[in-house]
Amino acid sequence: MSANKGWEVPPEGEDSVSEKFLRKTRESPLVPIGLGGCLVVAAYRIYRLKARGSTKMSIHLIHTRVAAQACAVGAIMLGAVYTMYKDYVKRTAQDTGEK
């Protein structure tokens, strides 16, 4: 058996998984927010599974999927709006301020 017990040490110059995750989170913070929203919605809908009443299971699962996708698409849209604001509105304001 090897001494490292299956844990692979990244080569020099490469980030570990946690460092890469933190770096990508800093670059685009809405991705983990969207992922968290999906997980919260899915967990809530699974928790409410017993109280679905006479609704069919397939309909309940479709509603769960749609709600989770809405969180992800909402986070993507917020990111796109923020990027457009940062690129166009702030840049235009800076350009007019320099002239």
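Where is the place of F21?

Modeller: F21 has its place in helix α1. Keep in mind that this is a predicted model. Let us begin with F21 itself. Its relative accessible area is 51%. The cut-off for exposed is over 50%, so F21 counts as exposed. Now look from F21 to P32. The two are 11 residues apart in sequence. In space, their C-alpha atoms are 9.6 Å apart.

Stay in helix α1 for a moment. This helix covers residues 17-27. Here the side chains of E27 and R23 meet in a salt bridge. The N to O distance is 3.7 Å. Why can these two be about one helical turn apart? They are separated that way because they sit 4 residues apart in helix α1. The two partners differ in their cover. E27 is exposed, with a relative accessible area of 56%. R23 is partly exposed, at 31% relative accessibility. The structure holds 1 salt bridge, and the pair E27 and R23 forms a salt bridge.

Next comes helix α2, residues 30-47. It has 18 residues. From its first C-alpha to its last it reaches 25 Å. That is close to the 26 Å expected at 1.5 Å a residue. Which residues of α2 are buried? They are G34, G37, C38 and V41. These four cover an arc of only 100° around the axis, so they lie on the same side of α2. On the other side, L35, L39, V40, I46 and Y47 are exposed.

Which residues does G34 touch, leaving aside its neighbours within four places in sequence? G34 is in contact with C71 and A75.

Now turn to helix α3, residues 57-98. H60 lies in this helix. At 6% relative accessibility, H60 is also counted as buried. Leave aside its neighbours within four places in sequence again. H60 is then in contact with R45, R48, L49, R52 and T55.

In the model, residues 30-47 are 100% helix and 0% strand. Their end C-alpha atoms are 25 Å apart. Residues 67-85 are 100% helix and 0% strand as well. Here the end C-alpha atoms are 27 Å apart.

Finally, step back to the whole chain. It has 3 helices and 0 strands. Read along the sequence, the pattern is α-α-α. Of the 99 residues in the chain, 9% are buried. The chain exposes about 8700 Å². Carbon and sulfur atoms supply 65% of that area.

Note on methods: Residues are numbered from 1 along each chain as its sequence is written. This is a predicted model: local features need pLDDT of at least 70, side-chain atom pairs count only at pLDDT 80 or more; totals for chains, interfaces and linings use all residues. Side-chain values use heavy atoms; hydrogens and water are left out. The expected span of a helix is 1.5 Å times one less than its number of residues. Buried means under 20% relative accessible area, exposed over 50%, partly exposed in between (1.4 Å probe, protein chains only). The arc is that of the directions from the helix axis to the C-beta atoms. Contact means heavy atoms within 4.5 Å. A salt bridge is a side-chain nitrogen of Lys or Arg within 4 Å of a carboxyl oxygen of Asp or Glu. Accessible areas come from the Shrake-Rupley method with a 1.4 Å probe; for residues, only the protein chains shown count as cover.
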